[in-house]
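Subject: Structure handover and findings

Dear colleague,

Please find the structure below, together with its sequence. A short account of what was found follows.

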Amino acid sequence: MNPRGMLKLHVESDESPAVMTASCPLCQAEFETATEADRLSCPECGLAFAPSDPQPEADTEPEDSLQGHAEPEAQADPFDRWLQGAPIQPRQITDGEWLRNCARRHWLASGVGAAAAVGLVAAALISTSAWLQTNRQLAQALLAREKADKLQQEAETAHTADLRELEHRTALWKSEQSARRQSERRLDEFRLAAEKADRARLEAEEARRQAEREVRRAIAQQLAARSQLIRGDHPQRGLLLAAEALHLAQRDGEAPIASAAQYLRDRLGPDDGRRLEGHSAKITAMAISRQSGWLATASVANTPRLWNLKAADPAAQPVVLAGHHGRVSAVVFSPDDRWLATGGYDSTVCLWNLAEDDPAAEPLVLRGHDGRITNVAISSNARWLFTASNGYDQGDSELRVWDLAAPAPTQASRALPDYGERIQVIAVSRDDRWLAALGDDGLPRLSRLTEQGPAPQPVLLDKHAGRLTQLSFSSDGRWLVGGGSNGQAGEAWLWDLQAANPAEVQPLRLAGHSGAIRALAGSADGRCLATVGEDGLACVWDLTAEDCAASAITLHGHSGAVLAVAFSPDNRWLATAGSDQNVCLWSMNGLSARTTPIVLRTQQGPVDTLAVSRDGKWLATAGDDHSVRVWNLHWDDLINLALRSLPDSNSTAEGRQTDASEADLPINIAKRPLRLADPQGTSNLRR
């Protein structure tokens, strides 16, 4: 190749400058340039070279045509050719040489290009690998999709089958539900019909029982009336009729017919109330244990006694408690029946342990008072013992509390100040929330009971009129009841313990007595309050009534002052005792002002002490005759006692007359068939 570029001259006109075409010897690029240029520069590769004159076309063609035959010359050494006078022709470079030359000239661009090429190759390789990986994943995805499609198809097939099964089961369920609802409707109808029939049957049975009760009540009343008519001429027959009348009445829980009960008790005479003798002075206090096994009595003499009410003869062997050196003024059993506490004028309190085999063993003696003991009370949880004393000196009046749960109760005591002077009454609520005390000033003091005992500062209750001498809590702990006098009239006052501060609430006034109230008591269910007074009346107040003050039922049964009152724990009886030497038993079943009491003629002088056993069987009374009488309140026992008191019918004239005139008797006690003839003697009622 000619190292100089080939120039082609093109002359277009005279006026235009001469232009020639040059060819780059390196890249063979052709470009136009001026003829006057000594050096040319290739615009493509930037090679600078000197232009050569153009050769005639005629010379060129033969040379070109003979190039194919000049191989030996072309292959000669360039130096030999130069020696021969031939021009030195540039050697034609190969593409690889041209690339190396370019790389050497443009090394930076070549490096960048090489790096780019390597990057492209690497990218191509990565792309290829990713593409292959993608293809594999795609193939796997296609397989998974085919498998999923197959599973979906199977699931759709199964779902379709399940839907058909569900539709079938739904249809069956709907039919079953419809049948069940229809059955339930029928069952409800049958149930309603059965309930209606049961109600009708129960109503019919209740009506039948009521009718039977009314018939028995009417028969009992007729028997009682017949007994009353014949008892003068035929006392034994009258007693039999009265006993049967009482049996019929108590069978249905009805109140006994007063005339029959009175005749039965009058006929029993000395056998009715068992007399317990042994004291040499007036009875001052009395109590019955919770389990109704012991009766404790105290008198002006210094030896209290225990009587076993469960013995065949309680009077046979009384337990004499020797421990005091003066008058015994108070006795009380602990609610757990472990202790009997007695207080005396010797300023001591004795604790007798009933859990031991010998209750008369050496007692625990509580010392701490200076004056005579006037009252003793024990909390319902059997932990706290409260004792009150008074004397002629101001320092002798004191209220103390003893902890019976302490290891040494004789050492566990403390004085309670601010409860007034000469305390006469102590009361503890059944729920162990309150302690109340009443002194000679007639003003109650009230304090809360806690785990540590009474609160240190009692509250003075002074929003009432008159002077109080009696104090008690209702059984439900709702009311604190005080009784006394206001001038000549007797009044009772109720403090509501549900109030935030009972002392700030005006107490409820109960006015129904024309004389001072001598005693009061609350029923075991907390519904009723009974007050008795010097006017000879007993008033029963309904504590649940909306207007309690207007709910009084006035009972007339005594001919003198009423001194004591007590409810039986089963709320069946109200017992009142008075200066007329009588005890009146009032049935709480249908109590009204027209209720006729059953009178127990004690012959003990004025009866001022009553006690009723917890089982409602025994009533104990005490008066001025130094004795205690115990009355049986169970009518079945009295009826059996009355029947045993009858003489043998085969050994008495009246018995023979009874046998001879058996057709005239309404009742045969031996076989108990009930034969009651009407006035014409034609009808016959049987039980």
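Is Glu-205 buried, partly exposed or exposed? With a relative accessible area of 24%, Glu-205 is partly exposed; buried means under 20% relative accessible area, exposed over 50%, and partly exposed in between, with a 1.4 Å probe and protein chains only.

Some remarks on the basis of these values come next. This is a predicted model, in which local features need pLDDT of at least 70 and side-chain atom pairs count only at pLDDT 80 or more, whereas totals for chains, interfaces and linings use all residues. Residues are numbered from 1 along each chain as its sequence is written, and side-chain values use heavy atoms, with hydrogens and water left out.

Overall description

The protein has nine helices and 38 strands; helices (H or I, at least four residues) and strands (E, at least two) are DSSP runs, numbered from the N terminus. Of its 687 residues, 42% count as buried.

Salt bridges

The structure holds 27 salt bridges, a salt bridge being a side-chain nitrogen of Lys or Arg within 4 Å of a carboxyl oxygen of Asp or Glu. One of them joins Glu-205 to Arg-201, at 2.9 Å from N to O. Because these two residues are four residues apart in helix H5 (residues 107-230), about one helical turn separates them. Arg-201 is partly exposed, at 40% relative accessible area. Both residues belong to a network of salt bridges that also includes Asp-198, Glu-206, Arg-209 and Arg-213.

Another salt bridge is formed by Asp-313 and Arg-274, whose closest N and O atoms are 3.3 Å apart. This pair links distant parts of the chain, 39 residues apart: Asp-313 is in the loop between strand S9 (305-308) and strand S10 (319-320), and Arg-274 is in strand S6. Asp-313 counts as partly exposed at 38% relative accessibility.

Loop residues

Ala-281 lies in the loop between strand S6 (273-277) and strand S7 (283-288) and is buried, with a relative accessible area of 14%. Leaving aside residues up to four places away in sequence, Ala-281 touches Ser-299, Val-300, Ala-301 and His-626, where contact means heavy atoms within 4.5 Å. Ala-281 and His-626 are 345 residues apart in sequence, yet their C-alpha atoms are 5.1 Å apart in space.

Most residues other than glycine have a negative phi. Ser-347, although not a glycine, has a positive phi of about 70°. Ser-347 is placed in the loop between strand S12 (339-344) and strand S13 (348-353), and Ser-347 is buried at 14% relative accessible area. Asp-418 also has a positive phi, near 70°; Asp-418 is partly exposed, at 46%.

An open sheet

Four strands form an open sheet in the order S15-S16-S17-S18, with antiparallel pairing; two strands pair if DSSP finds at least two bridges between them. Its edge strands, S15 (372-378) and S18 (413-415), each pair on one side only. Strand S17 (residues 398-403) pairs with S18 over three bridges in the antiparallel sense, and Trp-402 stands opposite Ser-413 in S18.
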